[in-house]
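The structure comes first, and the notes follow by topic.

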Amino acid sequence: MSVTLTNLRCEYLRNPLGIDHPAPRLSWQLQSNARAQKQTAYQILVASTMDLLAADQADLWDSGKVRSDQCVHVEYAGRALQSRERCYWKVRVWDSQDQVSPYSAAAWWEMGLLQPTDWIGRWISGQQFGPRSAEGVCRAPLFRKAFALDRKVKSARVYICGLGYYELHINGARIGDHRLDPVFTRYDKRALYTTYDVTDAVQEGDNAVGVILGNGFYNQTVPDNWGFHLAPWRDYCKLIMQLHVEYIDGSETVIGTDTSWKTHPSPIMFDQLRSGEVYDARQEIPDWSTPEYDDSEWKETEIVANPGGLLVSQVMPPIRVVKDIRPVAMKEVSPGTYVYDMGENFSGWVQLRVSGPAGAEVRLRYSEHITEDGNIDQSNIKIYVVAERFQTDIYTLKGEGLEVWEPRFTYHGFRYVEVTGFPGQPTLDSICGRFVHTDFETVGHFACSNDLLNQIHDATLRSYLSNFVGIPTDCPHREKNAWTGDAHVAAETGLYNYMGATAYSKWMNDFADEQRYSGQIPSVIPTAGRGYTRTNGPAWDSAFLIIPWYLYVYCGDKRILERHYTGMKRYVDFLQTMAVDHIQNWGLGDWRPPGRPKRAHKTPLTVTSTAYYYVDALILSRTASLLGNQADAEAYGELAEQIKVAFNKRFYNPQTGRYLGNAQTSMSCALYQGLVEPSEQEKVTEQLVASVDEQQGHIDCGMLGTKYVLHALSDNGRTDVAYQIVTKTTFPSWGHMLAQGSTTLWEAWDGSDSQNHIMFGDISAWFYKTLAGIRPDPERPGFKHVIIRPQPVADLRWASGEHHCMYGVIRSAWKIVDNRFVLSVVIPPNTEATVYIPCTDPEAVIEGDKPAAQAEGVRFLNVESGCCVYAVGSGEYQFTATLSII
């Protein structure tokens, strides 16, 4: 048997806690050295104990032998699962020769709290500890509860939601490594709890649990442009938690939040997300979360109203400190004022190391820019918050030797840090940057022979991660808002590089929570109320359809389409009420094209808005078909066709081959979105190329056009022109950003706004799709069928891409060696691929040491668009073609 099984997952995660869907989905991967290896059947065993599973006694579910090649998102179909139940599982498969594999190693998942009645803990809060700051912020509260366990402990779980943020301690030790938990939601519709295994943290005898709460987005007091200080959910910090302890004799104890808990002010004197954190170490309470601590002077807590919505499990990677970044330089710009250069722009904060007298106050201010004389400059980011303090952390020393501190309940976007009030002379070791973001599993790698492109790729990933701190934000400093348009144009970059499906799934739930009965969607999600008019529109709102569709295409996730179909349909129906003769003339357009003010678009917004209307109708039609709703599939398919006809009638000039606006975005939008009639594609592509030539080979697009233009060119035979755009180093270009010393992408091509933005970040997806040539097939989603079509171009001598899909590793690496084109391909078991070799003579293509058409697992299909096309099964392949006929 040549197949083994690995990488077992439940709901995308390995051995997850807190699963709250009654039918969790199970996935696994096959490993095999044989070519064209497939699964023809599977059998899943699920048991309530490891011993039962080891004995092949599946008391929860035995699927039996199921004739199917499905190994991704197989729904559990056994006995109804109970709250907190742990499920152990394994799987075996039958291969293409009907030979059965050994069972996989065991994996498990554990259910969360499935019913509201499972919560015995109550929402509690405490006195609002003053004095209030100038911004009206009270000190962050501490909560604690002492308890005793009278028997030996077998297992223990904590289920906790602290709003806005919490930090959990048991018996004097911090639990877990999550930061800024829970992730931001529309709190009056949905709040998230986290599950922790705390078996090793509790003990027989005396114990204590402690929690620190921070404000987060739940209690923003500092006024801002988006009205979060007026949010309908806004309230003082509150907590719900319960600890389930199972003893070795099978009995249980549950400790929940109630009025027996005590509360006291913490050393955190102030915390606001955009303003920063103030900490007075003199107010620290040693051992406050230990059982020995005397809390008789602490105040009682009180039962308070719940936030108003659902309480559900947070099933996604947490926010963590993922990387330490050491400063590369420090300069004393004036007496006592030191500015550090961290060497890169990122999200997070710095850790301070300092010794000095009690009461000394060290102030840390963060910025992206410095002035010519070396001082920090916050002018490009301190523009939407009405507060004296912005991106500023303050630490007051307790005067006890070396003190190491970092903030808990804020984060910043920055490259430079100003330090004032430091006792003595700071050094490069006095601070350390902490890169903080959602801790995604990396699933993609790209590199090529052009180092400029590698640098652009690195800057794109740094921007993407900096702008995914629980939600996909536009920038990590001045806003921290999840703008829908920025997020969907960068989503393919995210999915090529990171396992982001659970985070995007969570965010789609936020869309459902924010959608109005009319179908309207705001431009910022979650929102405190702003964004339903003026700053939204089809080009932004369409994230509600586009991102679920991407999750289907890239991950094979059909459930997310099922879950949100009603809301997607309601949105398209709303768009119908806004259309005049199938044309949309509202919303935001091609944001920030070079050389123009923010709302001055070279391409009229009616072009891009109507194009997204078409895309939405098409996605809805395809989704309806997948879900078996043929009436809707036909109705919305017809609507899409009507929009397409109206679009071309209104915007296309068949004499010139150009679309309204005569701009790169105009032509590339029509091509990329599939609106150009086949007979006109060559003409429109020629005009797009001419438009690029008119700009001396530079890009001339804003946020939307930048998503379209490279793909529109490459998909229509002009990768040479796309590569010309990408390799520019003069304004406007990605290379120009890097030439100015940037380590992240910008909001504006001239750098006049945020310099850590992801909206121009789809270029990484273009690297994978076009240069490495790895593409999914929507007809066989999740990379069940892989398209390998690299496009060698100009001076590029090699390119390599790798993507770890739900089936395993896909790799495409090509190089030009001694006048030959050499392509190495890896296709995971249980999938197939279509491989395009840029050569027109099938006789000149070799795989291994044989003519390609005679190689094992390879089948010649045809010659298409200058390529020999082959169907291949899983395995490793090396194709070679003579360069002279490429």
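How many residues does helix α8 have, and what distance does it reach from its first C-alpha to its last? Helix α8 (residues 605-626) has 22 residues and reaches 31 Å, close to the 32 Å expected at 1.5 Å a residue. This is a predicted model, in which local features need pLDDT of at least 70 and side-chain atom pairs count only at pLDDT 80 or more, while totals for chains, interfaces and linings use all residues. Residues are numbered from 1 along each chain as its sequence is written, and side-chain values use heavy atoms, with hydrogens and water left out.

- Helices (H or I, at least four residues) and strands (E, at least two) are DSSP runs, numbered from the N terminus. The expected span of a helix is 1.5 Å times one less than its number of residues.
- Helix α8 is largely enclosed by the rest of the structure, because 17 of its 22 residues are buried. Buried means under 20% relative accessible area, exposed over 50%, and partly exposed in between, with a 1.4 Å probe and protein chains only.
- Just after α8, Gly628 takes a positive phi of about 80 degrees.
- Helix α11 (residues 681-694) has 14 residues, and its first and last C-alpha atoms span 20 Å, close to the 20 Å expected at 1.5 Å a residue.
- The buried residues of α11 are Val684, Thr685, Gln687, Leu688, Val689, Ser691 and Val692. Their cover includes the strands β37 (652-653) and β38 (658-659), together with the helices α10 (664-672), α12 (703-714) and α13 (719-726).
- Just after α11, Gln696 has a positive phi of about 55 degrees.

**Nonpolar cores**

- A nonpolar core is a set of buried Ala, Val, Leu, Ile, Met, Phe, Trp, Tyr and Cys residues joined through side-chain atoms within 4.5 Å.
- In the largest such core there are 239 residues, and Trp28, Trp109, Trp734 and Phe879 have the most contacts inside it. Helix α6 (residues 543-555) gives the most to this core, with twelve residues.
- A second, separate core of 25 residues includes Ile170, Val198, Leu243 and Ile255.
- Apart from neighbours within four places in sequence, Trp734 contacts Ile456, Ile699, Thr706, Leu710, Ile725, Val726, Leu745, Trp749, Phe760 and Ile763. Contact means heavy atoms within 4.5 Å.

**Packing of α12 on α13**

- The axes of α12 and α13 come within 7 Å and cross at roughly 145 degrees. Axes are lines fitted to C-alpha atoms, for helices over the stretch in contact, and angles run from 0 to 180 degrees between N-to-C directions.
- The α12 and α13 crossing is left-handed, meaning that the near helix is turned anticlockwise from the far one by less than a right angle.
- On the α12 side the contact is made by Val709, Leu710, Leu713 and Ser714, and on the α13 side by Thr719, Val721, Ala722, Ile725 and Val726.
- By class, this contact has seven nonpolar, two polar and no charged residues.

- Tyr768 is found in helix α15 (residues 763-772) and is buried, with a relative accessible area of 0%.
- Not counting residues up to four places away in sequence, Tyr768 touches Gly444, His445, Phe446, His457, Tyr496, Asn497, Gly773, Ile774 and Glu802.
- The C-alpha atoms of Tyr768 and Gln696 are separated by 26 Å, and the two residues are 72 residues apart along the chain.
- Gln378 sits in the loop between β29 (376-377) and β30 (392-396). Gln378 is buried, with a relative accessible area of 8%.
- Beyond its neighbours within four places in sequence, Gln378 is in contact with Arg365, Tyr366, Ser367, Phe390 and Gln391.

- Most residues other than glycine have a negative phi, and most peptide bonds are trans.
- A cis peptide bond joins Ile525 and Pro526, with omega about 0 degrees. Pro526 is in the loop between α4 (501-514) and α5 (538-541).
- The bond from Phe731 to Pro732 is also cis, with omega near -5 degrees, and Pro732 lies in the loop between α13 and α14 (734-739).
- Asn15, in the loop between β1 (4-10) and β2 (25-31), has a positive phi near 45 degrees. Asn15 is partly exposed, with a relative accessible area of 33%.
- Ala794 has a positive phi of about 45 degrees although it is not a glycine. Ala794 is in the loop between β40 (785-788) and β41 (798-805) and is exposed, with a relative accessible area of 64%.

Terms used:
Ala, Val, Leu, Ile, Met, Phe, Trp, Tyr, Cys and Pro count as nonpolar, Asp, Glu, Lys and Arg as charged, and the others, Gly among them, as polar.
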